[in-house]
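Trainee: Please take me through the open sheet in this model and then through what surrounds it. I would like one connected account.

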Protein chains: 2
Amino acid sequence: MNKGLLIVVSAPAGSGKDTILECAFKSCNNLNYSVSATTRAARPGEEEGVHYFFKTREEFARLIENNQLLEYTEYAGNLYGTPREYIPKMLEAGKNVVLKIEVEGAANIKKLFPDCVSVFILPPSFAELERRLRKRGTETEETIKKRVGIAKIEMSFVKNYDYVIINENLDDAVKDFIAIIEAEKLSTKHGIPVIG
Amino acid sequence: MNKGLLIVVSAPAGSGKDTILECAFKSCNNLNYSVSATTRAARPGEEEGVHYFFKTREEFARLIENNQLLEYTEYAGNLYGTPREYIPKMLEAGKNVVLKIEVEGAANIKKLFPDCVSVFILPPSFAELERRLRKRGTETEETIKKRVGIAKIEMSFVKNYDYVIINENLDDAVKDFIAIIEAEKLSTKHGIPVIG
């Protein structure tokens, strides 16, 4: 019962995932992000082992070669991967680990960690998703259309997740996320408590 | 997604089940007890269709005969039963129904309603259970020993439940119960939301 939970979170860009998680991390004292390995250069304030494990291209290639990554992907010219040993080590130490990952990566993680809790976060509608993406002011019209298109495709993966949160209102969505974690801690799936 | 949840709750006598449910009913606006049929006479303040469906022995016998009860049992000379139609009707109307029932009845309900959410409430220890039963001041020493013995036997049923709440502290146990309901409402087991 004292093992941590692995919480896999997927969501279309613009669904508010990062804000929900940020608020949930403030309310729950035992949530930890899964730390990814990356070849991206550290940005100011980013710490080794906290935000990322920073690797050179060569080091990253060796991680792949030695089967030390659960999964990896290339994005905007940089490699990102989930270290194989990191998650089990955290869970064994009783820490709850949150892994933000796209739908295909999530499916792979579910195979490797069948006990993981998977959560999909949705915007209340595609029109609202488009509105939120436009509001950012950082995305081109083309990117917005593309992101909404991807979100529609991702809908067919929703059924593979354990839970769906519709982010209509931030406070409610945060409460939902926390309720899922609290309930899962009580689930007999993860172990049967014994009383003396 | 708008169907109600059936929440099956079992607990040894002295575990604090009734107090937890009473508090949860005050915080949640959509919880309803499953109303049982009984041959017991109505006590002052008890209303037909709210606390029980009051039946004569003959009427109750007819319910059994016509297969209109999901299950029934005799206790202290009175018959108690769960009307077959009541629960599905409530669930279809979007109402969450709480059914307090002992372990064998719960197993039968799980077969009939595989989507139901089952919760077992435990005291923090058997010693504490004994202390709580003794504190009531209404039970004989023999009854206390018997109830603790039954609680120990019931432990082997805990693994059949979806969730276990250990009632160490009332407030926490109430929060746990509410978190389970909130999380289950988001579970894809009960349906996949569709956004427009």
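Mentor: Two strands pair if DSSP finds at least two bridges between them. Strands (E, at least two residues) and helices (H or I, at least four) are DSSP runs, numbered from the N terminus. This is a predicted model, in which local features need pLDDT of at least 70, side-chain atom pairs count only at pLDDT 80 or more, and totals for chains, interfaces and linings use all residues. Residues are numbered from 1 along each chain as its sequence is written, chains are lettered from A and ligands numbered from 1 in the order in which they are written, and side-chain values use heavy atoms, with hydrogens and water left out.

The open sheet has 4 strands in chain A, in the order β4-β3-β6-β5, and its pairing is mixed. At its edges are β4 (52–54) and β5 (69–75) of chain A, each of which pairs on one side only. On average, neighbouring strands of this sheet are turned by 25 degrees against each other, direction ignored. Angles between axes, which are lines fitted to C-alpha atoms (for helices over the stretch in contact), run from 0 to 180 degrees between N-to-C directions. Within the sheet, β3 (residues 36–38) and β6 (residues 78–83) of chain A run antiparallel and are joined by 2 bridges. Thr38(A) stands opposite Tyr80(A) in β6(A). Helix α2 (residues 57–65) of chain A packs on this sheet and touches β3, β4, β5 and β6 of chain A, where contact means heavy atoms within 4.5 Å. The direction of α2 makes about 140 degrees with that of β5(A).

Elsewhere in chain A, strand β7 (residues 96–100) has parallel partners. Strand β1 (residues 6–10) of chain A pairs with β7(A) over 4 bridges in the parallel sense, and Val9(A) stands opposite Lys100(A) in β7(A). Strand β2 (residues 31–33) of chain A pairs with β7(A), also in the parallel sense, over 3 bridges; here Leu31(A) stands opposite Asn96(A). Of the 5 residues of β7(A), 4 are buried, so the strand is largely enclosed by the rest of the structure. Buried means under 20% relative accessible area, exposed over 50%, and partly exposed in between (1.4 Å probe, protein chains only).

Ile7(A) touches Leu31(A), Asn96(A), Val97(A), Val98(A) and Leu99(A), among others, not counting residues up to four places away in sequence. Ile7(A) is also one of the residues that touch the most other members of the largest nonpolar core, which has 46 residues; Val119(B) and Phe177(B) are among the others. A nonpolar core is a set of buried Ala, Val, Leu, Ile, Met, Phe, Trp, Tyr and Cys residues joined through side-chain atoms within 4.5 Å. Apart from it lies another core, of 35 residues, including Leu69(A), Met90(A), Leu122(A) and Ile195(B).

Ser187(B), in the segment after α7 (170–185) of chain B, is buried, with a relative accessible area of 4%. Ser187(B) touches Asp162(A) and Tyr163(A), not counting residues up to four places away in sequence. Glu104(B), in helix α4 (residues 103–112) of chain B, is exposed, at 54% relative accessible area.
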